[in-house]
Amino acid sequence: MSSVRKPKRPVYAFAREMHPKTEKADIQYGTAGFRTKANKLGYVMYRMGLLAVLRARYKNATIGVMITASHNPEADNGVKLVDPHGEMLEQSWEAWATKFANVGDDQLESIIAEIIKEYNIPMTERVHICIGKDTRPSSPSLSKSVMDGVLALAGKPIDFGIVSTPQLHYFVACKNTKHAYGIPTEEGYYHKLVGAFLKLNADQRLNSSAGNSNYRNRLLYDGANGVGAKKIKQFQERLGETLKIELYNDEGIGTGKLNYLCGADFVKSNQKFPNGVPLQHNVRCCSVDGDADRIVYYFIDEDDKFHLLDGDRIATLIAAYLKELLEETGIDLNLGLIQTAYANGASTEYITQKLKVPVACVSTGVKHLHHKALEYEIGVYFEANGHGTVVFQKTAKDKLKRATGDSSLTDAQRNAAERLLNLIDVINETVGDAISDMLLVETILRAKGWDVQDWEAAYTDLPNRLMKVTIANRNVITTTNAETICVTPPGLQDEINALISKFKKGRSFVRPSGTEDIVRVYAEAATREEADTLAVEVSRKVYEMAGGIGNPPEVPA
Ligand code: G16
C-alpha cells in the first residue's frame, strides 16, 4: 500500500499571526533601504528576514541585515540588506524588497514561491544572516522581527547586537571571504583598523610633538549620541597617545538626543557647530552620524567663523595623497573619483584641473557611487555629506604587493608601495565608515604635517545651501542626468533654470529624498547671500509647483 505523504506546512505560514501587515500605504526600498516611523516597521522587518534568507540561499553566501535609520530622528527606524562582499543590496533585488514589504499577508506565500521559481533558489542550504542594530530604542524589538523572519525560512541568524552600520558590512565581507578580509568580530575590526593606523603613524609620532609640523594629535569628536559614541571608546583605549580623541555627545540610549542638534548631518546641513562640543578656536573637530557611516570635519576660527571640511574635502585630501604615493611607487594604476551633484563646484574644478584625477558624477546613494568606483583600479568615492570610502581592485593590490618585493625598485618606491598597502588596511572598503575615514584623514594630515587650516587652503568652496521642502507626495518630483535635471512636474526645471541664470556661478537642483519624506534643494552661487536667495527661490518654486504643504520655505536663519 503506497503511503501518501502529507504536504509539509509552509514554514512561513505563521506570518499572518506573528507579524501582520499593519500599514495600508506602500513603502519603498529607498536610498538606503526602508525608512519611516519605527512603529510602522514590524512586518517589514519580518519580511526582510525572509528575503535575506532567500538572497543568501541564492548567492550561497552570508547576507547582512542592518536595522538603522542613520541620520534620521530617533523615532524613525529602517532596514537594509547587505550583499556578500559587504556592499549594498543589488539594485535588481530592491524591487523584490519593495514587493515583499507591500504585498498583503495572504500573498506572502505566493511571492516567496515566485522568487524561488524565478531564481531557482535551492531551499535546502542552511545559511547565515548577520544582524546588527543601532542604538534606537525601537531597534531591539525590530531586530527580533527580523530574526523571526530568518528562522521562519530556516536560516541561522547571527546577532551582532549594537554595531555601527559599517561594522556590520565588514562582518559580512569577512564571513564571505573566509576571514581573508578580517576576523568577523568587533575585536577583529578594531584590531585590523587600529593595527594599520599605528603602523602607518609609528614613524611619525615624534614629528608632531617635536613642533616641526602643524599637525596636532588632538581631535574633538561628536558621537551624535549614537553608536559612534559607544564604539569610539574602543579606539580611544587602543590609540592612546598617537591620537587623543575627546568624545562629546554620548548620551544614553532612549534619551531622544540621537542626532539632535549634533552629528554629521546636522553640521553639514546647517553649516553650524553642533551642540555639546566645546567651542575652542582653531581646534580640529569631527562629527559622525547616528550609525557612524558618515563623517565631516570642521573648526571655528579666532573670529568665531565656522569652517566646514565635508565629504568633498575628505575626498580631495585622500585622492591627492593616493596620487602622490602612486607617483612615488612609479606604478601606473588608474585612479578615479566619484561624486554626486551635491559636490561643491569648486571641489570638482580642483580635482579635475589641479589634481588631474578623472571625476564621475552619479545619483545620490552609496550604492551608485560604490558601483561606479569599481570601474577604476583605485576608486575614491564620497558624497558631500561625508559618506564615502576607497575601493581597490585586486589587480591594484597585487601590483602593490609585488612592488614591495621587487629588487629592481628603489627603497623609496618599495616604501611607498608598502605604505599604500597599509592604508588599504585602515580603510573599510565595504562602505563609508566614519571611524575608518577619520583614521585615514588623521594619517594623511600627520604625514603632510597639516592641521585643518592647511587642509582647507587647497581650494575655496563656493557658498552653498541645502534646504528641505515638504510636499504632499514627493514622488511627483522625478529627475534625470544624475539627479541634476528635474523631469516632473513639467515646467519646474525651466523655472529653476531661469532662477539660476540670475546668479553668478549659480547652480541648483532638486530631488526627492530617499530617506526622509521631503524634497531636497541644493543651491550654490558666488556669495553666501546669493546662494541662500537662490536656495529659497528654488524651494518656493518646488512648493508652488509640486504641492507644498505647511509653511512656505523661508530664508535660513
Ligand atoms: C543615506 C545614504 C546616503 C545618502 C543619504 C541621504 O545615508 O546611505 O548615500 O546620501 O542617505 O539620502 P537622501 O538624500 O536620499 O535622503 P545615511 O547616512 O542616512 O544612511
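Analyst: We'll take the ligand site, then the record annotations, then the backbone. Keep in mind that this is a predicted model.

User: Okay, the ligand. How many residues surround the ligand, and which are the closest?

Analyst: Start with the shell, taking residues with a heavy atom within 4 Å. Here 19 residues surround the ligand, and the closest are Thr 31, His 71, Glu 383, Ser 513 and Thr 515. By residue class, that shell divides into two nonpolar, ten polar and seven charged.

User: What does UniProt list as "binding site"?

Analyst: Treat a record as a separate source. The unreviewed UniProt entry places that feature at Glu 383, Ala 384, Asn 385, Arg 511, Pro 512, Ser 513, Gly 514, Thr 515 and Arg 520. From this set, Arg 511, Pro 512, Ser 513, Gly 514 and Thr 515 are in the lining of the largest pocket. Pro 512 itself belongs to strand E18, residues 507–512.

User: And the domain annotation, which residues does UniProt list?

Analyst: The unreviewed entry gives "domain: Phosphoacetylglucosamine mutase AMG1" for residues 183–296 and 310–450. Over 310–450, the chain is 57% helix and 14% strand, with the end C-alpha atoms 17 Å apart.

User: Now the backbone. Which residues does a cis peptide bond join?

Analyst: The general idea is that most peptide bonds are trans, and most residues other than glycine have a negative phi. In this model, Thr 488 and Pro 489 are joined by a cis bond, with omega about 0°. Pro 489 is in the loop between strand E17 (485–488) and helix H18 (492–500).

User: Where is Ala 292 found?

Analyst: In the loop between strand E8 (285–288) and strand E9 (295–300). Ala 292 has a positive phi of about 60°, although it isn't a glycine.

How values were computed
Residues are numbered from 1 along each chain as its sequence is written. This is a predicted model: local features need pLDDT of at least 70, side-chain atom pairs count only at pLDDT 80 or more; totals for chains, interfaces and linings use all residues. Side-chain values use heavy atoms; hydrogens and water are left out. Ala, Val, Leu, Ile, Met, Phe, Trp, Tyr, Cys and Pro count as nonpolar, Asp, Glu, Lys and Arg as charged, and the others, Gly among them, as polar. UniProt positions are given in the numbering used here, feature names are shortened, and annotations may be inferred rather than shown by experiment. Helices (H or I, at least four residues) and strands (E, at least two) are DSSP runs, numbered from the N terminus. On a 1 Å grid over the protein atoms alone, a cavity is a set of points where a 1.4 Å probe fits but cannot get out, and a pocket is an open set with protein on both sides within 12 Å along at least five of seven lines; lining residues have an atom within 4 Å of a point.
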